[in-house]
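Please keep the sequence and the structure in view while reading.

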Amino acid sequence: MRGFFVRGVFLLGLSSLAKGEVDFVHEVMPVLRKHCTECHTGTKKKGGLSINTRAELLAGSEFGEVAISGKAKESLMIKLIHSKDDDEWMPPKGPRLEAREIEVLERWINEGLPWEEGITLGESSWEPPLKPRKVKLPPAHQGRDHPIDRILDAGMAQQKVTNPGLAPDAVFLRRATLDIVGLLPTPAELESFLKDSDVDKKAKAINRLLARDIAYADHWLTMWNDLLRNDYTGTGFITGGRKQITGWLYQSLRENKAYDQFVRELISPTAASEGFINGIKWRGDVNSSQTREIQFSQNISQVFLGINMKCASCHDSFIDRWKLEEAYNLAAIFSDKKLELHRCDKPTGKMATARWIFPELGNVDPKASKNERLKQLAALMTHEENGRFTRTLVNRYWERLMGRGIAHPVDALDSKPWNEDLLDYLAVRFAEDGYDLKKLVRFIMNSKAYQSRSVILEKELGEDYQYRGPIAKRMTAEQLLDTIWQVSGVSPDEAAGKVDRTIPDKKELMKTSIKPQPISAKWIWHQGKTGKKSQLRKTIKLTEVPVSARLIATCDNAFVMKVNGTKVASSRDWQKPVVADLTKALRKGDNLIEVDAEMFGGSAGFISEIIMTRGGKQVAVVSDGSWQARPPGGQWKSAAELHDHSTGPWGKILDPKQILAVSGGGNIPPVRAALVKNDFLMRSLGRPHRDQVVTSRPRDLTTLQAIDLANGDLMANHMQKGAQTFARKGEESGEMVDWIFRHAFSRAPLEGERTVLSSVIGDGRDAQSIEDLLWLVFMQPEYQIVR
Amino acid sequence: MMTPEEQRTRRDFVKKLSAASLAALGGSGARALADAAEVKHPEAKADSCILIWLAGGMAAPDTFDPKRYFPYEKGLEVDKILSTFPAIDTAVDNIKITKGMEKIAQVMDRGTLIRSAVQPDLGHILHSRHQYHWHTGYVPPLTVAAPHIGAWMGKVLGPKNPVIPPFINIGQRLEGVGEKEELKAFTTGGFFGSEFGPMNLPYPKDAVRSVQPPKGMEPGRFANRYKHFKKLIDQNPNREYMSDFQQESMLRSMESAHRLLQSEEKGAFDLTLEPKESVEKYDTGRFGQGCLLARRLVEEGARFVEVTTEYIPFVHFDTHENGHSTVDRLKKEIDAPIAQLIRDLEERGLLDRTLVVIASEFSRDMMIEGRPGSNAKDQSRARTDKLTEMKQYGLHRHFTGGTSVAMFGGGVKKGGLYGKTADERPLLAVENPVPVEDLHATIFTAMGISPKTAFDVEKRPFFATKDGHGKAVMDVFA
C-alpha cells in the first residue's frame, strides 16, 4: 500500500516537472502587465478590482470572486477573457490575449495562483520623494528639546508608548566609544567619565572621541570598505582587473572630508579614487548585466541613492519603477564607447544615451567627453535639491548608530521609512551642516534617543517595525578583534592597507625617531646584605615632556615599577624583559621612579633603561649608582652597581631593539583589524569578500562561527598572545580580574562573577589560565553585543 | 525508508531546529520566497551527496570517454591524437573507459555515466571562474554572492544529523594556493550567510583537529572553560537580556558548537579510528584519505561533502604540459579510493540513499582551446605540430564542448550511459547536451530539491538553478 502511495507521488512529481510548473515572475507577470495592470494596479481599481498583491486579487471585484484557486474555467477572469460580448470582454482596450497567454493564466489559476512573496504588481502607493523637505519640529516633551527627540517623542506619544529611559553612563560610554572609534573605553577613561559631574560630559566625551582622527578612520574604514567594496586582496586583483582606493579613502575619513566632496571624488575620480567606479574587470566574457559599465550603474545607484538597479540592468524592473533603458543610460555616462542595450543578455539593437536618472535636477550632456560627463554626474548627484542623496547617507549612519535604518533595508530607499519626518529632517540638516559626517554622528549621538537604553527584542524585527529605542548591535569582526587586541595589549605586526596613520604634529620628530643604542645600564641592588627584597628609586627632572619615552627592564627575579605613583611595568620572569610606553606617565618637572625588586633565590639584580626623545634628541636614563636603594625599612643609600649589562650571571638579556615593539607615544598607533587582510576568522565572523557592495553584516552568531571561536587556531592564537602579555605584567590575580572585567564590560564584576573568574585564573601566574579567562570574557554576549 | 509524509515532518523539525540560523539571515537579506508548502519539491532519492571534484579540467578523452588512441612516438602529428590512453572494458558492456582506471571500471555497473556535459566558453579560461559557475550554477561576476550547491542543500534540507555540519569541503586549501581569492568566492554560503558555508577540511588527516579543542588544550580544560563560560552567564546581572533573541541565538550557537566538539559523532572526523586495512584501501594520499573521510562523515549524517584532488593552477588535472604523465599519476591517486568509496557505501547499504557525483569544470583537448571558433587564448605550454618530447604528449587545452560526469547511487540508473560526444575532433557533445543548470537540476532533484526553489534577495528571486530554468535529466534515474 505504501509503495503504491509513494509511486503515486513520484509520478505526480514527474508529470509536473515534465510540463513545468508555472513561473509567476517570468510567465504570469508579463501577461498581467501587458493586459491587466493598467486599470487594476496602483490606486486604480476599475470594477473594484486591484491586483497589486495576491491578497487583493483574491479579494475580488464588485462582481465577486475573480480568480478561484484551482478552478480556471470557473474563474471570472478567464470567462471574461474568452467572452465575445463587447461590453464585458477583457481587456476592453488593446489587443486580446493570445491563446498562449490564456493558457499561462489558466495554468496559473489551476496551480493555485502561486505568487512570489514580496512582489507587488502596482507601484506602491508611497512614492519616495526626490527633493529635500524641511520638517516643522513638533514641540518638545519633558524638556527633551533635541530635534531628533522632538520628532521621535511626538511619534511615541501618538502611539502611547513611553521612551525607554536613559542608559547608565557606563553603558553610554562603552556604546559611544565602540560606535565612534570601534574600541572599548579603558578603565581609566571610564573612571574619569563616571566621576565627572559636568552636565555636558556626554557631549564632551563625544567630542573627545570624534577628535581621535586615526582611531575614527580605523573604525569607519570597515563600513566604507564594505560599501565601496574596497579590499587588499580579493577577486580581480590577480588579473589586474581591480584597484584599491585605500589610501584615498583612509585620508578622506581621517580629515573628515565633506561627504558631497567625497562622492564627487569617487564619481569623477583621480587616480587614487578611481577604483570604485572602475569596478572589477573579469577576464573573458561576462553577462551583459555585469560589464564594468553596468557595475557602475548599479553601484552608484545602490551606494549613493539606495536604489536597486540590479533588476533594471537586465530588464525593466518588476519591483520598482526603474527601466532597462535608465540603467543603461546611466551606464553610458561611464562608458568609453557606444553602449547597446541588452535585455536578459540579448542585444536589442537600441543604443543607450548618457543620461542621469533624475532629469528634474538637470542632466548630463551625452555629447560631452567621458570625463566631462562624470563631472556633470558628480554635480547632479551632490545637487542641493537631491534629497535622495542625503537621505540615503543619513539613513545608513542612523542604522550604524541606532541599529536599524529609518528606511529598511538601508539599500531600499524606495521602501517607506517608519518616520518620514525624521529621515527628512536629518537629511536637510546634514546638507545644512556642510555634509559633515562627524557632525552628523555628533548630532545623532547627542540626542536622548541615542543615549537611551537599548530595547530588548524577543524576535527578529519585521516589516511592522515601530521605533521603541536604540537596537543593540553585534560587534563586527573588526571590532571584536580590535577590542580583544586592545584589552590584551597585542596587535598585528603589519597593515595591508598602506595608509598614513602618523600623528601630524609629531611627523617632524618621527624623522629622528628612536634609535636603539647599546645598553649602558648596570645591574643594581642595595648595598650590603642582599636579602630577598630591595627598594630602588630615582628622580628625574624634565624641563619638557618627552615626545616619546620607553622602558626596557628586567629583574632577577621580580619587580614592579611605578612612575609618579602609577604602576607602569612589572615582571616575574627575569628571562622575559618588559618593554613599556612611559610617555603618558612622565610630566614636566620632577618625576619619581620607584621599583620594588624581589629575589626568589640565587642571584639578585635589577636593570632598566628609559629612552626618551624630544626634538630629535635621544636621552637614556639607566639604572646605575646614581639611583638610591635600600632594603625594606632600611636607609636610602646609593645603589650598588653589581655588573655591567653583558657581564654577570645574566648575559646580554636586554635587546635594545625590543623598545621598538611599543608605541612610545610619537610612533604610529597599533595596527587595527580593518587594515589587515581578511582571514578565516574575520571571514567566518562576517567580514565579506567584497566582490559585491555589502551594506549590512550578519547580526547573529552561527554555529560554524561558534566552532571557530571555540577551537579555531586564529582565535586561540589571539588568546595566547594576550595571555602572555598579562602573564608578563605579573599582576596580582584579583587586580587582573578586575581590570580585565572593567575594560571588557565597562563595569566592575559582581561578587559571583569575580568568584567564577578567580577560580579560573588561580594565582594569576599561569598563562593558560589567563588564556581561558580571556576567552570566556570575550565570548560573553555582553561583550560581543553593543548595548 | 521514510515516507514522504515522514520526510516532510522531519524537514519541519529540522527547520525548527535551525530557527536560530534562519533568523541569522536577517542581516544578509535572504528570505524564502515561498514556504515549503508552496514549492513542490520532488521526492528525495538521496539523503546525502558526495561530490568528487577533479579540479583543474579533467580530460574526458583520457578518462571516461576514450577516443582514438596513439601511444607516444617522436614525430607523431598531434592533430591525429584524441586520447593518450587506450580504452579498457568496464563492468558494463557498452561502456569503455581508459587504462589506469581499472578499479572504477569494475564499479561502473553501479552508476550512470553522462558524456555530454557542456559548459559556456566565457571567452577566456580562468579555472576558478568556471569552477564558480559549476559550484553555484551562476557565472561570475554577480551582483550578489551566490551560494555553493552544498549551501543550497544545507539551507533547503537542513542538516541530516543536527550535530554534523551539513556542508563539508575536503581537500582544497584556500590559503597559500594560486587564485585563492577566486576559490573563496564560491566556497561559501553566499547570501545564505555563514551558517550555510562550508566547514573546510583541507587536510583529511588533520580533520579531527577541527572538532577538537585548540592545539595544546586538554579536553578536560576545554570542557572546563565552557563550563565556566556558562557559569559566568549565570552570574550576569542583566537578566532582562536573557530573553533577547540575539543573545539567545548566540548562546544557542555556542551550545551547538560545543555539542559537536564534545559529541560522539566527532569520531567521524578521525581517520585514526578507521581499521588499518580499510585505510590502506583508500590511502593514495590526501585525495584518497579525503574519500575515506567523506564516507565516514556520510555514515554519521553529513548532508553534502565535496572531496577534491585540489585546484592549484598548473598542477594536478590542470595540465598545460606533461598531460599524459600527469594524468597517469593522478589515476593512481583516484582509481582505488573512488571505487572503494562506491563499494563501501554499497556494502553499508548507504549507496541507494547517497548520490556520488564525479565531475570537473570542463574537459581538455589536444588542439582546441575553449570550443571551436572560440577566441579564448591558447594557454598550452607545450605547443607543437609534431611530438618531439614527452612533455608535449597530453591534452593541454581547455575544452568546454563536451565532458564526462559520473553519478552513482541516489536513485541513478545502474550501468546507465547518457549522451555522447563526437568520434572525431571537435569532440563536441552530439547527443543530449547537459548544461550546468540541467546537471544541477538533476542533482537537486535527486536530493529532493526543486530546481525552481527560490529565495528573495534584495526583493529579487534567486533560484537554485539559473533563473529557475534548470531541467533535471530524468533519464539518468532508474
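## Overall build of chain A

Chain A has 787 residues, of which 48% count as buried. The structure discussed here is a predicted model. Along the principal axes, the C-alpha atoms of chain A fill a box of roughly 120 × 75 × 60 Å.

The chain contains 29 helices and 16 strands. Among the contacts in chain A with a separation of 6 or more, 70% are made by residues 24 or more positions apart.

## Confidence of the prediction

For the model, the scores are ipTM 0.75 and pTM 0.73. Chain B has a mean pLDDT of 89, and 92% of its residues reach 70 or more.

One stretch of chain B should be read with this in mind: over residues 1-31, pLDDT stays under 50. For these residues the model has 56 contacts beyond four places in sequence.

## Two crossing helices in chain A

Helix H18 of chain A spans residues 387-402, and helix H19 of chain A spans residues 420-432. Their axes come within 8 Å and cross at roughly 105 degrees. An angle from 65 to 115 degrees counts as roughly perpendicular, and H18(A) and H19(A) are therefore roughly perpendicular to each other.

On the side of H18(A), the contact is made by Gly387(A), Thr390(A), Arg391(A), Leu393(A), Val394(A), Asn395(A) and Trp398(A). H19(A) contributes Leu423(A), Leu426(A), Ala427(A), Phe430(A) and Ala431(A). Sorted by class, the residues of this contact are eight nonpolar, three polar and one charged.

## The buried face of helix H27

Helix H27 of chain A covers residues 751-761, and its buried residues are Glu753(A), Val756(A), Leu757(A), Val760(A) and Ile761(A). Seen down the axis of H27(A), these residues fall within an arc of 125 degrees, so they line one face of the helix.

The buried residues of H27(A) pack against helix H26 (733-745) and helix H28 (767-778) of chain A, together with H8 of chain B. After H27(A) comes Gly762(A), which has a positive phi near 60 degrees.

## Where chain B meets chain A

In the interface, 79 residues of chain B are in contact with 76 residues of chain A. Several elements of chain B each supply at least two residues to the side that touches chain A, including helix H7 (180-186), helix H8 (219-235) and strand E18 (460-463). The largest share of that side, 13 residues, comes from H9(B).

By class, the residues of chain B on this side divide into 34 nonpolar, 25 polar and 20 charged.

Note on methods
Residues are numbered from 1 along each chain as its sequence is written. Chains are lettered from A and ligands numbered from 1 in the order in which they are written. This is a predicted model: local features need pLDDT of at least 70, side-chain atom pairs count only at pLDDT 80 or more; totals for chains, interfaces and linings use all residues. Axes are lines fitted to C-alpha atoms, for helices over the stretch in contact, and angles run from 0 to 180 degrees between N-to-C directions. Helices (H or I, at least four residues) and strands (E, at least two) are DSSP runs, numbered from the N terminus. Angles under 35 degrees count as roughly parallel, over 145 as roughly antiparallel, 65 to 115 as roughly perpendicular and the rest as oblique. Two residues are in contact if their C-beta atoms, placed from the backbone, lie within 7 Å. Ala, Val, Leu, Ile, Met, Phe, Trp, Tyr, Cys and Pro count as nonpolar, Asp, Glu, Lys and Arg as charged, and the others, Gly among them, as polar. A residue is buried if 20 or more other C-beta atoms lie within 10 Å of its own, exposed if 12 or fewer, and partly exposed in between; C-beta atoms are placed from the backbone. pLDDT is the predictor's confidence in each residue, from 0 to 100. The arc is that of the directions from the helix axis to the C-beta atoms.
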